[in-house]
Amino acid sequence: MKNIFIIAFAFALTMLTSCSENYSNGERIGVITQFSETGIIWKTWEGHLNVTQTGMNSSIPFDFSIDRDNQDQDVINTLDSAASNGWKVKLIYHETMGWNWFYNRGGTDHFINKVEVLEKDFGNAFNGHQEHLNTGKVIDTIYVVIEGLK
């Protein structure tokens, strides 16, 4: 019985000392496709970013949260507007490891610290105006691979 207690204590001590508030820091660029406040017990803001790479949508999604313990209303308002209007944004985030065991701070371990709006016309390139057609502005890049032709 004493050995089980020692093993459990060592495991708990290892888990608590190996946890990190800033496990990693980074930034992602893309378009917000979902942003909402969810939860039954703890209400948290959760979102989904379609990551873009050199103008193309990537198949790599990025799910993120707003830290319930540190909600910045400006960040929430900017993300909500970006999701509603199709803006291209840069999300600056930090990732935690072990400090969100019950998901009371958010549904993910990626917490947004700051949002930068990069392009407001990204989702609505022409927006009903034809003047963009003559400017030579690159809207998006599409690569097509055709196989099997002889």
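Asp 69 is exposed, because its relative accessible area is 55%, where exposed means over 50%, buried under 20% and partly exposed in between, judged with a 1.4 Å probe and protein chains only. This is a predicted model, in which local features need pLDDT of at least 70 and side-chain atom pairs count only at pLDDT 80 or more, while totals for chains, interfaces and linings use all residues. Residues are numbered from 1 along each chain as its sequence is written, and side-chain values use heavy atoms, with hydrogens and water left out.

## Salt bridges of Arg 105

The side chain of Asp 69 meets that of Arg 105 in a salt bridge at 3.7 Å, N to O, the term being used for a side-chain nitrogen of Lys or Arg within 4 Å of a carboxyl oxygen of Asp or Glu. This pair links distant parts of the chain, since Arg 105 lies in the loop between strand 4 and strand 5 and Asp 69 in the loop between strand 3 and helix 2, 36 residues apart. Helices (H or I, at least four residues) and strands (E, at least two) are DSSP runs, numbered from the N terminus.

## A network of charged residues

By the rule given above, the count comes to 5 salt bridges. A network of salt bridges links Glu 27, Lys 90, Lys 114 and Glu 116, and within it the closest N and O atoms of Glu 116 and Lys 114 are 3.6 Å apart. Glu 116 is partly exposed, with a relative accessible area of 28%, and Lys 114 is likewise partly exposed, at 44%.

## The nonpolar core

The largest nonpolar core has 18 residues, of which Ile 32, Phe 64, Leu 79, Leu 91 and Ile 112 touch the most other members. Such a core is a set of buried Ala, Val, Leu, Ile, Met, Phe, Trp, Tyr and Cys residues joined through side-chain atoms within 4.5 Å. Helix 2 gives the most to this core, with 4 residues.

Leaving aside neighbours within four places in sequence, Leu 91 is in contact (heavy atoms within 4.5 Å) with residues including Ile 32, Phe 64, Leu 79 and Ile 112. Its contacts also include Glu 27 and Lys 114, which are both members of the salt-bridge network.
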